[in-house]
Amino acid sequence: MGIEIGGSIEKVNGKEISYNEFVERYLAKNQPVVLTGLMDDWKACKDWVFDSGKPNLKFFSTHFGNSKVQVADCGTREFTDQKRVEMTVSEFIDHWIDAKECGGASNSFQEGNDKLVLYLKDWHFVTVQVLKFSFSICLFIYLHLGL
């Protein structure tokens, strides 16, 4: 018993379709579509990943390395969720690289593996960075403009 999925989903270059055409062909009919090409110019698509599609960990470590983040320890439960540990982005990346070099899969729990399986929950990181930035702006305005 299970769900059987049939058919295919059309791929369309998002730069070559107008909004009205998108609405008529897909949105109004509730028809799924994969839009490609819309993020080609995004800086994140060049800075955050290599051409191979693998993440550029050095970029994150260089730009956000000292930022403290909450990381889920996927092998340890606390109540109804994974245990949380705090570390810097650099520490998390070092752990990820070390786990890969030891032959472990960094995204799956392996019995007998002494390495923690960690998961960086990105929305916690974004919230912390936005709050720090907002606080920095407010402090700058207060100190320099006397507001």
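Q: What makes Arg 25 and Glu 21 a salt bridge?
A: The closest N and O atoms of Arg 25 and Glu 21 are 2.7 Å apart. A salt bridge is a side-chain nitrogen of Lys or Arg within 4 Å of a carboxyl oxygen of Asp or Glu, so the pair qualifies. Before we go on: this is a predicted model, where local features need pLDDT of at least 70, side-chain atom pairs count only at pLDDT 80 or more, and totals for chains, interfaces and linings use all residues. Residues are numbered from 1 along each chain as its sequence is written, and side-chain values use heavy atoms, with hydrogens and water left out.

Q: Where do Arg 25 and Glu 21 lie?
A: Both are in helix H1, 4 residues apart, or about one turn of the helix. Helices here are DSSP runs of H or I with at least four residues, strands are runs of E with at least two, and both are numbered from the N terminus.

Q: Why is Glu 21 called partly exposed?
A: Its relative accessible area is 32%. Buried means under 20%, exposed over 50%, and partly exposed in between (1.4 Å probe, protein chains only), so Glu 21 falls in the middle class.

Q: Which residues do salt bridges with shared partners join into one network?
A: Glu 10, Glu 21 and Arg 25. Arg 25 also forms a salt bridge with Glu 10, with the closest N and O atoms 3.0 Å apart. That pair links distant parts of the chain, as Arg 25 is in helix H1 and Glu 10 in strand S1 (residues 10–13), 15 residues apart. Arg 25 counts as partly exposed at 30% relative accessibility, and Glu 10 counts as partly exposed at 38%.

Q: What do Lys 15 and Asp 41 tie together?
A: Their side chains meet in a salt bridge at 3.5 Å, N to O. Lys 15 lies in the loop between S1 and H1, and Asp 41 in the loop between strand S2 (33–36) and H2, so the pair ties together parts that are 26 residues apart in sequence. Asp 41 has 61% relative accessibility and therefore counts as exposed, whereas Lys 15, at 48%, counts as partly exposed.

Q: How many aromatic pairs does the structure hold?
A: It holds 5 aromatic pairs. Rings of Phe, Tyr and Trp (its six-membered ring) pair if their centres lie within 6.5 Å; planes under 30 degrees apart count as stacked, over 60 as edge-to-face and the rest as tilted.

Q: Why do Phe 22 and Tyr 26 count as a tilted pair?
A: Their ring centres are 6.1 Å apart and their planes stand at 35°, so the pair is tilted. Tyr 26 counts as buried because its relative accessibility is 3%.

Q: What makes the pair of Trp 48 and Phe 60 tilted?
A: The ring centres are 5.5 Å apart with the planes at 55°, so this pair is tilted. Trp 48 is partly exposed at 41% relative accessible area, and Phe 60 is partly exposed at 22%. Ring pairs link Trp 48, Phe 59, Phe 60 and Phe 64 into a cluster.

Q: Why do strands S4 and S5 stand at the edges of the sheet?
A: The open sheet of 3 strands has the order S4-S3-S5, with antiparallel pairing. S4 (81–88) and S5 (118–120) each have a single partner strand, so one side of each is left without a neighbour in the sheet.

Q: How do you know that S3 and S5 pair?
A: Strand S3 (residues 68–78) and S5 share 3 bridges in the antiparallel sense. Two strands pair if DSSP finds at least two bridges between them, so S3 and S5 meet the rule.
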